[in-house]
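Thank you all for coming.

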Amino acid sequence: MRDMNQIRNIVILTGAGISAESGIDTFRGGGGLWEQHRVEDVATPEAFARDPDLVQRFYDMRRAAIQEKLPNDAHFALARLDAGWPGELLIVTQNVDDLHERAGARRVLHMHGEHLKVLCTACDTRSPWRAPLLDRPLCPACGVPALRPDVVWFGEMPYQMDAIYAALRGADLFVSIGTSGAVYPAAGLVRDARDLGAATLELNLERSQGSHWFAETRLGPATQLVPQWVEQMLASGPDNNA
């Protein structure tokens, strides 16, 4: 990785691995949600059209579960970096929980949506939401019972890709934390970052499918690796090497 005093603008991609240590189940890996539900049954537009009750029950369960979880040391470390880093910084998360925000991070973009929001299929309005959807509540904006989870299902386009690519174009460093390297377009961001000249670093419990694209990979639990890396960055950042 290039010298710390050459790094000012950072893009961080986080995946399920950063929230797993808070007790949030992952879709992939042993014991993950894929073993309980096929993706075709709960996470596609076709599934919602075919059996909306099954899909709503599944996401009602997830929405309730994440509200009982707490941010871990990795979330808090990234919040410290967000607060203390003098350059541009963007945390792009694939996670639909709100643990980054509850830890205090502000520069966060949810590319796959959020469990604690709903999307109205009648008026296309997004609203904060914490209650169940199975009983078909009315949209707060238009009054039509047409709410669905505001999450990106397979086959749908992730949110704010233009903003993500704009951040990558200005990034000196791209860091991936707790990702499988299997879900696109997120899995391709490291190659985009490399092509644009950014340094690349992977922090993961085990090597991902895209590890070979990173200049450096550090293996271990996110709650150990991320605080160590953040302290390194804050101690050696651009304002400390002027």
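Predicted model: local features only at pLDDT ≥ 70, side-chain atom pairs only at ≥ 80, totals over all residues.

Let me start with arginine 126, whose charged end sits over the ring of tyrosine 159, 4.5 Å from its centre; by that wording I mean that NZ of Lys or CZ of Arg is within 6 Å of the ring centre and within 35 degrees of the ring normal. The charged end of arginine 148 likewise sits over a ring, that of tryptophan 153, at 3.7 Å from the centre.

Residues are numbered from 1 along each chain as its sequence is written, and side-chain values use heavy atoms, with hydrogens and water left out.

Let me stay with tryptophan 153. Rings of Phe, Tyr and Trp (for Trp, the six-membered ring) are taken to pair if their centres lie within 6.5 Å, and planes under 30 degrees apart count as stacked, over 60 as edge-to-face and the rest as tilted. By this rule there are 4 aromatic pairs. In one of them, the rings of phenylalanine 48 and tryptophan 153 have centres 5.3 Å apart and planes at 45°, so this pair is tilted. It links distant parts of the chain, since phenylalanine 48 belongs to helix α3 (residues 45-50) and tryptophan 153 to the loop between β6 (147-151) and α7 (161-169), 105 residues apart; helices (H or I, at least four residues) and strands (E, at least two) are DSSP runs, numbered from the N terminus. Both phenylalanine 48 and tryptophan 153 are buried, a term that means under 20% relative accessible area, against over 50% for exposed and partly exposed in between, with a 1.4 Å probe and protein chains only.

Tyrosine 59 and tryptophan 153 have ring centres 6.2 Å apart and planes at 50°, so that pair is tilted as well. Tyrosine 59 lies in helix α4 (residues 52-66), so its pairing with tryptophan 153 ties together parts that are 94 residues apart in sequence. Phe48, Phe58, Tyr59 and Trp153 form one aromatic cluster.

Turning now to the sheet, how many strands form it, and in which order? There are 6 strands in an open sheet, in the order β3-β2-β1-β7-β8-β9, and the pairing is parallel, where two strands pair if DSSP finds at least two bridges between them. The edge strands, each pairing on one side only, are β3 (108-110) and β9 (216-219), and the twist averages 20° from one strand to the next; axes are lines fitted to C-alpha atoms, for helices over the stretch in contact, and angles run from 0 to 180 degrees between N-to-C directions.

Strand β1 is joined to β2 (residues 89-93) by 5 bridges, with valine 11 opposite leucine 90. A further 5 bridges join β1 to β7, where valine 175 is the bridge partner of isoleucine 12. Ile10, Ile12 and Thr14 point one way from β1 and Val11 and Leu13 the other way, and all are buried.

Finally, consider alanine 74 in helix α5 (residues 73-84), which is buried with a relative accessible area of 0%. Setting aside residues up to four places away in sequence, alanine 74 touches Ile18, Ala222, Thr223, Val226 and Pro227, contact meaning heavy atoms within 4.5 Å.
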